[in-house]
Amino acid sequence: GTSNIMKILHITPHLGGGLGAVILALVAKDANDHSIISLDINKNADWQQANADVYNGAYFFGNFHTFLPERIAAADIVVLHWGGNHPLLYDIMVNFHFPPCRLVTWAHATGIHPPFVISKRLKEFPDRFIYTSPVGAGQEDEVIWSTVGVDKFLNLKREPHEGFIVGFTGTADFGKLDRNFIKLCAAVNVPGVKFVVCSGDSQQHLIDEAKELGVLDRFEFMGRVPSILPYLAKFDVFGYPLQPKHFGTCEQALGEAMAAGCVPVVMDNPTEKHIVKHME
């Protein structure tokens with residue numbers, strides 16, 4: 001019978017970046033009946049291929065006040081994806097009445113630096129509060145590592161190429177990326193070096209600074225790419241300098257690059273130190 005199939009409802013601020021990739025990969029690989037409420041409207045279209053019913057921009061539905069409790073009541077398990085201080089997420093947590101449900105919060109931000117702080121109230125809100133990484137979690141806390149899966153990166157054939165390529169994939173926003181990114185790249189003294197940036201975020205701030213420093217010819221800003229596989233196959237080094245107080249936990253981009261055999265160069269922030277072991 002179908003009695004073993006559970007109805008799992010995911011409530012997430014959005015389906016972008018690593019957070020969205022993790023949720024979409026999870027529902028793709030699991031046999032239960034998943035549905036996803038994305039509070040904000042997603043600009044990218046990845047969610048349209050989801051193996052689940054996706055309610056895109058549900059917060060702005062005219063009937064949201066009745067829609068949300070109905071969906072929660074119909075689910076066997078509700079997973080609230082906490083990716084930091086998203087106002088729409090906090091609005092439903094503070095101002096909505098959740099009907100009785102089995103509620104899990106999965107934290108996709110470390111909580112070790114303000115403003116992304118995991119308060120006692122936040123941890124007590126669900127039945128189970130689970131971290132995505134041991135970074136930020138205490139000894140007693142439960143951790144379930146979040147991943148998109150690295151299978152397709154493991155047997156990636158390295159592609160011979162001219163010059164020396166330093167690649168970056170992921171968030172280009174300074175909430176995550178180190179503000180000295182362009183200066184660091186400009187200081188690299190390797191003949192024929194090229195810096196390739198693949199990101200769904202606006203890269204205009206980086207382009208402007210590269211122009212200002214007269215090093216634009218060293219860069220290729222690719223914007224959002226359909227697949228990062230052909231890029232990772234060519235990167236000699238994965239140059240991934242994140243700012244010291246970033247909120248990231250499992251860093252999907254870093255895991256993918258390492259699985260693809262691309263050597264990471266990172267800052268000694270707590271998250272990166274947990275993922276990358278020096279010279280291993």
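Which residues form one aromatic cluster with Tyr59? Select Tyr59, Phe60, Phe64 and Phe96: together these four make up the cluster. Keep in mind on this tour that the model is predicted.

**The sheet**

Next, colour the strands β1 to β7. They form an open sheet of seven strands with parallel pairing, and the order across it is β3-β2-β1-β4-β5-β6-β7. At the edges are β3 (53-56) and β7 (142-143), each of which pairs on one side only. Now select helix α2, residues 64-74. This helix packs on the sheet, where it touches β1 (7-12), β2 (33-38), β3 and β4. The direction of α2 makes about 140° with that of β1.

Move to β4, residues 77-82. Five bridges join this strand to β5, and the two run parallel.

**A buried threonine**

Follow the chain from β5 (103-107) towards α4 (120-124) and stop at Thr110, in the loop between them. Is Thr110 buried or exposed? Its relative accessible area is 2%, and under 20% counts as buried, so Thr110 is buried. Show what surrounds this residue: apart from neighbours within four places in sequence, the contacts of Thr110 include Ile118, Tyr131, Val135 and Gly136. Further along the chain, Thr110 is also in contact with His246, Phe247, Gly248, Thr249 and Thr271.

**An aromatic pair**

The model has 13 aromatic pairs. For one of them, select Phe98 and Phe125, whose ring centres are 5.4 Å apart. Their planes stand at 85°, so the pair is edge-to-face. Phe98 belongs to the loop between α3 (87-95) and β5, while Phe125 is in the loop between α4 and β6 (128-131). The pair therefore ties together parts that are 27 residues apart in sequence. Phe98 is buried at a relative accessible area of 15%, whereas Phe125, at 28%, counts as partly exposed.

**Two nonpolar cores**

Which residues have the most contacts inside the largest nonpolar core? Select Phe181, Ile182, Phe219, Leu232, Phe235, Phe238 and Tyr240; the core has 34 residues. The elements that give it two or more residues are β8 (164-169), α6 (181-186), β9 (193-198), α7 (204-212), β11 (237-240) and α9 (252-259). Among these, β9 gives the most, with five residues.

Centre the view on Ile182. Not counting residues up to four places away in sequence, this residue touches Leu206, Glu209, Ala210, Leu213, Val215, Phe219 and Phe221. For the second, separate core, select Leu68, Val78, Ala109 and Ile118, which are among its 27 residues.

**Helix α7**

Finish at α7. Select Leu206, Ile207, Glu209 and Ala210, which are buried in this helix. These residues cover an arc of only 165° around the axis, which puts them on the same side of α7. What do the buried residues of α7 pack against? They pack against α6 and β10 (219-223). Turn the view to the face away from the buried side, where the exposed residues Lys211 and Glu212 are found. The last stop is Gly214, which follows α7 and has a positive phi, near 70°.

Conventions
Residues are numbered from 1 along each chain as its sequence is written. This is a predicted model: local features need pLDDT of at least 70, side-chain atom pairs count only at pLDDT 80 or more; totals for chains, interfaces and linings use all residues. Side-chain values use heavy atoms; hydrogens and water are left out. Helices (H or I, at least four residues) and strands (E, at least two) are DSSP runs, numbered from the N terminus. Buried means under 20% relative accessible area, exposed over 50%, partly exposed in between (1.4 Å probe, protein chains only). Contact means heavy atoms within 4.5 Å. A nonpolar core is a set of buried Ala, Val, Leu, Ile, Met, Phe, Trp, Tyr and Cys residues joined through side-chain atoms within 4.5 Å. Rings of Phe, Tyr and Trp (its six-membered ring) pair if their centres lie within 6.5 Å; planes under 30 degrees apart count as stacked, over 60 as edge-to-face and the rest as tilted. Two strands pair if DSSP finds at least two bridges between them. Axes are lines fitted to C-alpha atoms, for helices over the stretch in contact, and angles run from 0 to 180 degrees between N-to-C directions. The arc is that of the directions from the helix axis to the C-beta atoms.
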